[in-house]
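Hello,

Here is the structure I promised to pass on.

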Amino acid sequence: MVERYVMSIDQGTMSTRCILFDHQGRLVSVGQREHEQYFARPGWAEHDPTEIWSHLRRVVVPRALEGAGIRPEQIAAIGIANQRETTVVWDRRTGVPVGHAITWQDTRTSGYVEELRRTTGDDFFLERCGLSPTTYFSAPRLRWLFDHVDGLHERAERGEVLFGTMESWLIWNLTGGPDGGLHLTDATNASRTMLMNIRGLTWDDELLAYFDVPRAMLPEIRSSAECYGMARALLPDVPICAALGDQQAALFGQTCFAPGEAKCTYGTGSFLLVNTGTELVRSRHGLLTTVGYKVGGEPPVYALEGPIAVTGSLVQWFRDRLGLIHSAPEIETLARGVEDNGGCYIVPAFSGLFAPHWRSDARGVIVGLTSYITKGHLARAVLEATGWQTREVVDAVNADSPRPLRQLKVDGGMTSNNLLMQFLADVLDMPVVRPMVSETVSLGAAYAAGLASGYWPDLEGLRRNWHRAAQWMPTMDPARREAEYESWRRAVERSLGWARS
């Protein structure tokens with residue numbers, strides 16, 4: 001019998017990956033290619049959607065197939081995970097984007113967002129989409145494009161241009177592009193646009209009218225795990241059976257299927273999601289209410305999310321901008337050369353602070369500098385910034401949720417840093433657990449596609465594939481923990497109010 005596999009396409013902020021998984025959820029092969037980052041002005045962050053599609057078609061998928069030594073017909077299903085909120089608009093007839101994709105990190109809409117909050121307030125949006133206005137979400141970017149690209153709104157009204165996040169762009173191209181490509185999204189990605197009704201999982205008429213977004217340009221909203229249609233380009237006749245925003249995919253890949261189970265993914269930024277079941281919990285402490293996942297015709301599962309804008313990218317800044325290390329793993333060695341941070345704290349509010357503060361006027365600060373501080377202390381402060389930001393989010397989760405967190409499942413590139421993982425356990429005062437398969441974003445997309453296609457039978461079967469690789473237990477003295485947390489909060493206060501619109 002010919003072995004079959006599930007393919008996951010993970011379109012991320014820095015690169016696009018294609019990973020093949022077998023029945024045990026084991027990684028079989030990987031294809032990956034980085035894409036260009038465009039920073040045309042301060043606060044702007046863009047990608048070229050055409051470059052990303054080209055890399056997927058010409059490099060990423062072929063490498064994954066070649067690495068496994070298999071043919072496309074051995075792929076049982078395709079699942080897609082994607083960087084969320086990143087906004088793409090393209091011509092329906094030609095498939096050519098109207099410009100670069102505006103990414104989730106972009107803050108050009110900060111002035112518009114401040115105006116929304118001042119004139120309309122948060123409650124109008126919270127009641128409908130579960131989100132407060134920030135530069136993070138898609139609708140303000142789409143409004144910016146209408147205001148700055150001549151004739152775009154009129155073309156959208158006529159249905160000549162299409163809007164989507166990155167999974168919509170890839171699915172449309174995979175299923176034929178201008179020649180009948182499917183224009184769709186899933187509920188997790190749609191829930192990040194500020195345009196979807198969080199309860200009905202449909203485009204909200206009042207929000208569309210508020211942002212003046214023509215319905216003709218919007219994708220159809222589908223569940224996260226169902227077979228949408230067959231690929232035509234690249235992988236002919238292979239079914240595309242899942243799409244999830246990358247952080248919801250990680251929640252699924254970590255098998256956080258029960259209310260109260262949580263994961264945090266540590267990458268460019270970090271994202272903590274806690275499953276709240278079919279109950280829609282409105283946060284009072286700076287978290288986002290979002291769709292966790294929706295399997296077929298079953299009710300949606302909701303989540304509370306605490307996004308942190310800068311974690312892994314702070315290490316990159318330390319490496320590339322300051323030149324204090326030559327590779328990311330070196331930061332652990334450098335930080336281990338000192339016993340503590342020497343009283344130095346770094347708040348990486350490079351473009352504002354996300355959860356639980358939501359302050360676009362914040363900017364990065366380094367506090368506590370004395371002549372005693374070395375680059376080792378700075379390295380430690382870089383790592384500790386991730387720990388303290390996570391602590392703020394966990395405190396918000398525990399304040400909002402009737403089920404306090406008992407442990408945190410972690411994944412992503414930064415989890416290979418043992419010093420950071422121990423620090424997380426110490427400041428959270430709870431076990432931190434890493435699974436055998438660290439590529440949980442890709443695994444979650446694969447799990448959802450395999451579930452929809454019958455490759456895996458049920459959620460419990462997926463749970464049995466989860467195995468612990470490492471665990472860190474808290475060892476820090478409680479008095480020290482709280483004293484240092486207080487110092488961190490004082491540092492955060494000093495980061496606020498620096499930027500002006």
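Below is what turned up about the rings and their neighbours.

First, the ground rules: this is a predicted model, in which local features need pLDDT of at least 70, side-chain atom pairs count only at pLDDT 80 or more, and totals for chains, interfaces and linings use all residues. Residues are numbered from 1 along each chain as its sequence is written, and side-chain values use heavy atoms, leaving out hydrogens and water.

Searching the whole structure gives 23 aromatic pairs (rings of Phe, Tyr and Trp, the last by its six-membered ring, with centres within 6.5 Å; planes under 30 degrees apart are stacked, over 60 edge-to-face, the rest tilted). One of them is the tilted pair of Trp90 and Trp172, at 5.6 Å centre to centre and 55° between the planes. Because Trp90 belongs to strand E6 (residues 88-91) and Trp172 to helix H6 (residues 166-174), this pair ties together parts 82 residues apart in sequence. Strands (E, at least two residues) and helices (H or I, at least four) are DSSP runs numbered from the N terminus. Trp90 is buried, at 0% relative accessible area, and Trp172 is buried at 2% (buried means under 20%, exposed over 50%, partly exposed in between, with a 1.4 Å probe and protein chains only).

Trp104 and Phe271 make an edge-to-face pair, 5.8 Å between centres and 70° between planes. Both residues are buried. Ring pairs also join Trp104 and Phe271 with Tyr136, Phe137, Phe354 and Trp358 in a cluster.

Best wishes
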